[in-house]
Amino acid sequence: MLRPLSQLLIKRTSSTCAAITRSKSPSFPCVQAHADRESRIRFSQPTRPSTDSGPEPPYARPSPLSYDIYHHPHTFPLVYSASLPSFDIAYESWGTLSPTRDNVILLHTGLSASSHAASTHLNPAPGWWEKFIGPGKALDTNHFFVICTNVLGGCYGSTGPSSIDSSSGKRFATRFPILSIFDMVKAQFSLLDSLGIDRLYASVGSSMGAMQSLAAGWLFPDRVHKIISISGTARSSPGSIAMRYAQRSVLMADPNWNNGFYYDGLPPHTGMKLARQIATITYRSGPEWDLRFGRKLRDNDLSSRDPSRSPSLCPDFLIETYLDHQGEQFCLKYDANSLLYISKAMDLFDLTFPALGELGMHPPQSSASHASASIPSQTSFHSKSHPPPANQPPHLSDLANGLSPLMSTPILVLGVQSDILFPVEQQRELVDALRMAGNTQVSYFELGGVWGHDTFLLDVLNVGGP
């Protein structure tokens, strides 16, 4: 009696396989998009820019005619490598430099931003911090002279992997030396020297820019009057390193990357798109995704239970299409090697005393930085705006020792409760370490909201408020 049943099952299975065989091959538009993009690159057909950017600020490659260039003709020593023979730094400025040159704010950028932080007469396009810079704004150009640079290692006018190596006449590519945040800041201060600016009114930065703002005060404690650190850290955490490593991994796995030597061929656009999608996840927050997208689908017809519209392996949800859009918009705007080098510099940033010692970097002897030898009791200097940690990080004392050059510098620290890339715990840790180092001029605020790490770009009222 089992024989007829087994024959029936075999017959039905055979007919099902035959039906599948007769059906057309599956199509994956999201995968085909990579091949289509590659064809456009080969034939130099630019992708039509999208006008749907959501709440994100404008972001585009600036024109070389819209920024100034500082050329440093001398050998420039680096932390992890021997030196660069020379370098260029692209910069833009807003406001008027006072006769005494004491009203200067140095604005530091995040990982992939250009010097175009706000519109200028040479480039009227909105900048990445447009709503924060100008008359009556947070960085009030009625009072301050604001300078913003493209960091060393970047690709928007400053020397980086895509620049020409004068010794070979070819692009550096991955022959470019490993950089540190300290190198970037020293290059910026070389620019300030060329402008005759001895002291900053403030060093201001968000994200990687916050690392630079702290490094500026650490390297030049007598040249930085105030520091503002927004959504930054004094010590890159394993979680942040892991997120950036994932981005570098998918980029370097793109065959077009070619060990960094892609400038005469196709760029690693697929790896760049995927890296940007990963980064975008770290820049925002789950609560924002819920409010903004929920579980909405990309096409209302898909929710109408139309049997002809079944789910696919390509994006169906709006959140998927958003990540796809962000990756597509970015993948050809930024140099892949610059992303690798600068993100690595972020990972290497660590202001703990032992880490600095391993690099042969010792706290500068400013007028008030002799307290590193005797750190006050750790339990007495926690922030009044949050309770002391139940389990104090084992590196907190080392961080306090490392931050001793900043003990007399007024510092404002802003953290964002929904930030998953630089969590508020890192901001609290920074504040605690500064106070342990003897700094009594530290102000700390935690911001709410759902924008995550990108709050520094979007929350004009709270980030840029009085």
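These legends go with a handful of close-ups of a predicted model. Residues count from 1 along each chain as its sequence is written, and side-chain values use heavy atoms, with hydrogens and water left out. Local features need pLDDT of at least 70 and side-chain atom pairs pLDDT 80 or more, while totals for chains, interfaces and linings take in all residues.

View 1. Eight strands line up in the order 1-4-8-5-11-12-13-14, with mixed pairing. Strands here are DSSP runs of E, at least two residues, and helices are runs of H or I, at least four residues, both numbered from the N terminus; two strands pair if DSSP finds at least two bridges between them. Strand 1 (68–72) and strand 14 (442–447) sit at the edges with a single partner strand each, so one side of each has no neighbour in the sheet. Neighbouring strands are turned by 20° against each other on average, direction ignored.

View 2. Strand 11 (residues 202–206) and strand 12 (residues 227–230) run parallel and are joined by 4 bridges. Gly 205 stands opposite Ser 229 in strand 12. Helix 3 packs on the sheet, touching strands 1, 4, 5 and 8, and its direction makes about 65° with that of strand 4. Helix 12 (residues 424–436) touches strands 12, 13 and 14, and makes about 170° with strand 14. Contact means heavy atoms within 4.5 Å; axes are lines fitted to C-alpha atoms, for helices over the stretch in contact, and angles run from 0 to 180 degrees between N-to-C directions.

**View 3. Helix 3 against helix 4.** Helix 3 (residues 181–194) and helix 4 (residues 208–219) pack at about 70°, axes 9 Å apart, and are therefore roughly perpendicular (65 to 115 degrees; under 35 is roughly parallel, over 145 roughly antiparallel, the rest oblique). The contact includes Phe 182 and Phe 189 of helix 3 and Trp 218 of helix 4. Its residues divide into 11 nonpolar, 2 polar and 1 charged (Ala, Val, Leu, Ile, Met, Phe, Trp, Tyr, Cys and Pro are nonpolar; Asp, Glu, Lys and Arg charged; the others, Gly among them, polar).

**View 4. Helix 6 against helix 8.** Helix 6 (residues 269–283) and helix 8 (residues 318–330) pack at about 125°, axes 8 Å apart, and are therefore oblique to each other. Among the contact residues are Arg 276 of helix 6 and Asp 324 and Glu 328 of helix 8. This contact divides into 5 nonpolar, 4 polar and 4 charged residues.
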